[in-house]
Amino acid sequence: MIAHLLKALQEKWNSYKYRFVPWIAVNLRKNERTLRRVKERSQDKLVPDEYIAVTLQSLFRHLFKNDIERQRDLLPLLTESSRSAYQNAQNSTVSLIRLDRHLDPCEVMLGSLGFCINRRRSTLWSAGTGVFVTMGMVPKGTPVAMYPGTVYQTYEPIFFQSLCNPFVFRCIDGVLIDGNDKGISKIVYRSCSGRDRLGPFRLSDITWLTANPDNPLAVGQYVNNCSNEKAANVCYQEFDVPDKFPLELRQYLPNVNYRHDTSKPLRCVVLVALRDINSGEELFSNYFTIVH
């Protein structure tokens, strides 16, 4: 009985430790491949924020067009230029989105970005779930995934949500993102997302809490940390959503602020490819250290 319990606890720990920040910190020096050194925060950008914004908007527009029937109530509320762009795309025979059937979001992602990703059993022993490139190829410098969840500023409470939670991501400035899709974290995210609406416009995505997210990028919380055997092929990059981000596309953003009255822009974290990543490869992240 005791041996069985200890074995179960060991298996649970082996799965948990790859996302357990203290364990990672202790083992950083043992594995220099997990480190990406930057001299200051401004140098942590692998690609410009403008490129990330353009890439996300391109994918989100194709997702919007693919789901145009459900979006019809929003079209009359858009500017004339935006409305015309979506309607023209709907009638175009060269559009990436075939209108004779509704495509799976991963198919839309493949047509828009040239690759798609999915959650599968990790190749790391006892690491649980991982994220794989299942089709296509990811060019170096391309945003390949997003880290979803509730965004907490440094002064906001997260104690109860963080208990036994391996999915809390800490940004360079101390901002936390809770990417857990279960338990109290799931309840908090749903509540905050339902609160933040602008009329019929949804300002965040809740489908990442399910097995079939509308935004196929929103699985970044399941990307495991690299190891001696598995070198990193992606890294985290913080991205503050600009005010000019199209209103109708915010429904695909998998993040929401814990407080509705925060004066800071919505923080998102994307995972950017450190090299070309081929179909069948698992994504492995690395953590950075700031050198003063």
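Is Glu238 buried or exposed? In this predicted model, Glu238 is buried, because its relative accessible area is 6%, which falls under the 20% cut-off.

**View 1. Glu238 and its contact with the backbone of Ile172.** Glu238 belongs to strand β11, which runs through residues 234-240. A polar atom of the Glu238 side chain lies 2.7 Å from the backbone nitrogen of Ile172.

**View 2. A nonpolar patch on the surface that includes Phe159.** The patch is formed by Phe159, Phe160, Leu163 and Ile184, which together have about 440 Å² of accessible area. Phe159, found in helix α6 (residues 159-162), is exposed, because its relative accessible area of 54% is over the 50% cut-off.

**View 3. The aromatic pair of Phe60 and Tyr252.** The model contains ten aromatic pairs. In one of them, the ring centres of Phe60 and Tyr252 are 5.5 Å apart and the planes stand at 40 degrees, so the pair is tilted. This pair links distant parts of the chain, with Phe60 in helix α3 (residues 49-66) and Tyr252 in the loop between β11 and β12 (255-257), 192 residues apart.

**View 4. The aromatic pair of Tyr147 and Phe169.** The rings of Tyr147 and Phe169 have centres 5.2 Å apart and planes at 45 degrees, so this pair is tilted. Because Tyr147 lies in strand β4 (residues 143-147) and Phe169 in strand β6 (residues 168-170), the pair ties together parts that are 22 residues apart in sequence. Tyr147 and Phe169 are both buried.

Technical notes: Residues numbered from 1 in each chain as written. Predicted model: local features only at pLDDT ≥ 70, side-chain atom pairs only at ≥ 80, totals over all residues. Heavy atoms only, no water. Helix = DSSP H or I, 4+ residues; strand = E, 2+ residues; numbered from the N terminus. Buried < 20%, exposed > 50% of the residue type's maximum accessible area, 1.4 Å probe, protein only. Polar contact = N/O pair within 3.5 Å; in protein donor to acceptor, adjacent residues only side chain to side chain. Patch = residues over 30% accessible without salt bridge, like charges linked within 9 Å, V, L, I, M, F, W, Y side chains within 5 Å. Areas by Shrake-Rupley, 256 points an atom, 1.4 Å probe, with all protein chains shown as cover. Salt bridge = Lys/Arg side-chain N within 4 Å of Asp/Glu carboxyl O. Phe/Tyr/Trp six-rings, centres within 6.5 Å; stacked < 30°, edge-to-face > 60°.
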